[in-house]
Amino acid sequence: MASIIARRSSRVYRLYETCSRSFSVGHRNNADMAFTFASPYDVYYKDAKVKQIDVPTFSGNFGILPSHVPTLAVLKPGVVNVFEEDGSQKKFFVSSGSVTINDDSSVQILAEEAHPIDRLDAGAIREGLTKAQHEVTSASSETAKAEAQIAVECFEALQKAVE
């Protein structure tokens, strides 16, 4: 009986330590979220102070605020919205990548491809989508069909982003 009580009180103490660490992280203000966002070609933010970041992931879209629970997620093609300290908003299209939210309220987004929405060409996107859809129907192998389908999904996400 004594060993059961000792194990339970040890668990309670570990739970208390975890909660108290979480509570101390929760008392940060908006200026404490350091945000880094980069692709192999550009660095868009480096330890920047932002209010909120909305990200598209395979487990669903979600917003990141200061003191967000630590998380690791895989980005899907879509739009990353960054709400800056001055109230402005910037949008970026990402093809894939990862988002890491650390317990110190820092956030890193590492994208395979990332481009500001205002730099995207809607006409070129429509043409690419049409071509990719044609490649799906004319694919001679399952591999070619799968690659074309990935292109279709990416162009559809791009088209949605510029609308």
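In this predicted model, Asp121 caps the N-terminal end of α2, with a side-chain oxygen 3.0 Å from the backbone nitrogen of Gly123. At 1.5 Å a residue, the 17 residues of α2 should span 24 Å, and the end C-alpha atoms of α2 are 25 Å apart, which agrees. Ile125, Gly128, Leu129, Ala132 and Val136 are the buried residues here. Viewed down the axis of α2, these buried residues fall within an arc of 105 degrees, so they line one face of the helix. The face turned away from that buried side carries Glu127, Thr130, Lys131, His134 and Thr137, which are exposed.

The buried residues of α2 pack against α3. Helix α3, covering residues 142-162, passes the same kind of check: its 21 residues should span 30 Å at 1.5 Å a residue, and its end C-alpha atoms are 30 Å apart, in agreement. Buried in α3 are Ala148, Val152, Ala157, Leu158 and Ala161. The buried residues of this helix pack against β5 (78-84) and β6 (89-94) as well as α2 (122-138).

Attention now turns to strand β8. In a regular strand the side chains alternate between the two faces of the sheet. In β8 (residues 107-111), Val107, Ile109 and Ala111 form a covered face, while Gln108 and Leu110 form an uncovered one. Strand β8 pairs with β1 (residues 34-38) in the parallel sense over four bridges, and Phe35 stands opposite Val107. With β7 (residues 97-101), β8 pairs in the antiparallel sense over five bridges, and Ser98 has Leu110 as its bridge partner. Five residues lie between the strands of the β7 and β8 hairpin, where Ser105 takes a positive phi near 75 degrees.

Definitions and conventions
Residues numbered from 1 in each chain as written. Predicted model: local features only at pLDDT ≥ 70, side-chain atom pairs only at ≥ 80, totals over all residues. Heavy atoms only, no water. Helix = DSSP H or I, 4+ residues; strand = E, 2+ residues; numbered from the N terminus. Expected span 1.5 Å × (residues − 1). Buried < 20%, exposed > 50% of the residue type's maximum accessible area, 1.4 Å probe, protein only. Contact = heavy atoms within 4.5 Å. Arc of directions from axis to C-beta. Polar contact = N/O pair within 3.5 Å; in protein donor to acceptor, adjacent residues only side chain to side chain. Pairing = 2+ DSSP bridges.
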